[in-house]
Each structure stands twice: as C-alpha cells, then as structure tokens.
Amino acid sequence: MKPQPVEISFSPADNQRLANLCGALDENLRQIETLLDVTIARRGEHFSLRGKSAQTLLAAEALQNFYSHAQHHLSIEQIQLGLIEAMNPHHSKKLAAATATKEPTEPALITRRSDLRGRTPRQVEYLQQIQTHDITFSIGPAGTGKTYLAVASAVDALERDIVARIVLVRPAVEAGERLGFLPGDMAQKVDPYLRPLYDALYDLMGFDKTSKQFERSAIEVAPLAFMRGRTLNQSFIILDEAQNTTPEQMKMFLTRIGFGSKAVVTGDITQIDLAKHQKSGLVEAQQVLKKVRGIAFTHFGAEDVVRHPLVQRIVNAYEKYEKDK
C-alpha cells in the first residue's frame with residue numbers, strides 16, 4: 001500500500017511569501033525534494049508531498065518553517081542549512097534542554113558571519129571542546145565543518161585578544177602531482193595546498209581585514225615542513241589535512257605548542273595520500289593520545305555534513321560501498 005500524500009495549505013495566501021518560499025523557478029522546492037527524497041506538487045498556496053511517510057512529514061515541517069521566515073528572500077544556502085538542521089531534530093531538543101539546566105550551549109563566535117553556529121550536535125560539541133581544551137582533534141569526512149569551524153574559532157580568539165596570532169598549517173603531500181613540476185618558488189608551489197585556508201579566512205573576516213592581519217603577521221599560513229624548530233606561544237594553531245602527516249611529523253607539530261596556545265588538528269583518515277607503506281600520523285595519534293588529559297577528540301560522520309545536499313549522499317554512498325565490498 002502506497003503512503004498517502006501529505007497536504008499543506010498556507011491561507012490566507014500571501015503571494016510574496018509563497019514566492020520567497022518556492023524560490024526562482026521553484027529552486028527552493030527542488031532543494032527540499034533532493035535532500036529529503038520527496039516529490040512536491042504545488043497549486044497556488046496548496047502543496048502536496050509524496051514519498052516515504054517519515055520523509056514527507058519532515059518535508060512538511062520544513063516547508064512550514066521556511067514559510068514562517070519567508071517575509072524576505074530565502075537564499076539557496078539558507079534552504080540547504082535549514083534542511084540539514086531539520087534532519088537533526090534532536091539538535092534543537094538538546095539545546096533547549098541545555099538552556100533549561102543552564103548548561104553551556106554552542107559558543108557565540110565573533111566573525112563576519114553573524115549566522116555562524118554549530119549546525120549539528122557534534123559540531124556544537126566540537127566548538128565547546130576547542131574552547132575548553134588546549135589540543136583538539138577532529139576526524140571525519142569532507143563537509144563536516146572540521147576546518148571551517150576551527151578557523152572560525154581561531155578568528156574569534158584573535159578578535160577577543162585571547163591569542164596574538166593564528167598559524168594555519170598543512171602538509172604539502174603530492175596527490176597525483178609532484179611539487180617539483182609546479183611553477184614558481186617554494187611559497188608558490190605550496191600555495192594550492194593552502195588555498196582552502198585562505199578561502200575560510202576571507203569568508204570569516206573579509207578580504208581587506210584578512211590582508212591587513214597578514215601584513216602585521218597576526219595570521220601566518222605555512223606548510224608543515226616550515227614548523228620544525230619553532231615554539232609557538234600565544235598562538236591558535238590549526239593543522240589541516242593531518243591524515244597526510246607521518247607519525248614523526250605529527251609529533252613534531254604537537255611539540256611546537258607553547259604557552260598560551262591552542263591547537264586544532266583536522267583530517268579525514270579515509271583520504272590518506274601517503275605512500276601505501278607509510279603510516280598516517282593522525283591514525284597513530286588517535287591511539288597514542290586517546291587517554292591524555294587536556295586533549296579532546298571529535299569524530300564526525302555523514303550526518304554532520306553541512307554542504308550541498310549531494311555531498312551527504314555521496315558520503316553515504318561511499319560508506320555503503322565500503323561496507324558491502
């Protein structure tokens with residue numbers, strides 16, 4: 001027996017809000033259909049939703065929520081983020097319970113993005129761990145906010161004068177190309193590896209402010225090899241793509257941390273580009289440091305992906321493929 005469609009009507013009809021809800025050429029409705037795997041038919045202010053029972057009910061709640069905020073234009077990004085939150089309903093329940101018991105909830109970060117916050121329970125936990133631990137590891141697939149939230153926390157710490165500078169580090173590991181064949185000097189050769197960190201900074205601080213912070217050496221971006229022999233005091237240090245470190249490099253990096261500093265180590269252990277015989281420093285660190293006080297680990301999953309809806313489906317498909325092999 002096929003499940004019955006779920007019917008929704010918004011009356012009295014408000015054509016402007018309906019237009020904002022649906023988006024140009026009904027693009028917002030297509031986003032809901034794609035992520036929640038439902039079909040939406042619309043006639044005026046009447047919507048008919050078909051699909052699995054749980055999915056259509058979730059889509060109906062999402063439509064009602066978006067309509068309540070549709071006094072103004074709703075961007076694709078707002079729709080996608082709202083849908084991801086809708087798929088984690090226990091997130092809002094957890095925050096409500098924490099508020100009632102006066103427990104700390106997600107930290108408020110000072111960045112250019114006023115809407116920045118943890119979108120899943122694990123992201124909220126990650127932000128809390130960064131604030132309460134000197135070293136935090138975050139491990140999980142692409143799109144879970146590992147690097148972006150770490151950079152946001154670093155920007156927040158710099159804005160609050162908790163640290164004097166931000167140091168962003170990446171290993172320059174060849175993934176199909178050799179550095180020697182890339183044009184330019186060493187700085188130019190490693191720049192493509194560091195570009196995602198620049199992108200996060202520009203999004204969180206703006207181009208002009210980021211450039212000024214680079215000029216006054218309040219932000220430094222460098223390949224991991226340049227860290228040897230240094231001691232970094234009063235710094236917020238992020239090691240990105242840490243799955244591509246060797247155990248020796250990981251130990252070297254962790255021992256660079258000086259007084260008044262914080263470090264966040266991010267990586268995806270399913271995307272290791274090291275030689276097959278070479279052990280990953282991130283994999284080893286999980287075992288070596290798991291019981292060390294003052295160090296926190298956050299393990300993200302596909303349910304924490306906060307990107308285009310297809311990214312989460314791609315992650316799920318690969319996880320299923322690996323299990324079925």
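Gln-234 is found in the loop between β6 and β7 (235-239), where helices (H or I, at least four residues) and strands (E, at least two) are DSSP runs numbered from the N terminus. The model described here is predicted, so local features need pLDDT of at least 70 and side-chain atom pairs count only at pLDDT 80 or more, while totals for chains, interfaces and linings use all residues. Residues are numbered from 1 along each chain as its sequence is written, and side-chain values use heavy atoms, with hydrogens and water left out.

**Backbone angles in loops**

- Most residues other than glycine have a negative phi, and most peptide bonds are trans.
- Phi of Gln-234 is near 45°, which is a positive value in a residue other than glycine.
- Gln-234 is partly exposed, with a relative accessible area of 37%, where buried means under 20% relative accessible area, exposed means over 50%, and partly exposed lies in between (1.4 Å probe, protein chains only).
- Ser-217, which is not a glycine either, has a positive phi of about 60°, and this residue lies in the loop between α9 (207-215) and β6 (219-223).
- Ser-217 counts as exposed because its relative accessibility is 53%.
- The peptide bond from Ser-11 to Pro-12 is cis, with omega near 0°, and Pro-12 is found in the loop between β1 and α1 (15-22).

- Strands of a sheet pair through backbone hydrogen bonds, either parallel or antiparallel.
- Strand β3 (residues 46-50) pairs with β1 in the antiparallel sense over four bridges, and in β3 the bridge partner of Ser-9 is His-46.

**The chain as a whole**

- The protein chain contains 12 helices and nine strands, and buried residues make up 47% of its 325 residues.
- Among contacts (heavy atoms within 4.5 Å) between residues at least 6 apart in sequence, 72% join residues at least 24 apart.

Terms used:
Pairing = 2+ DSSP bridges.
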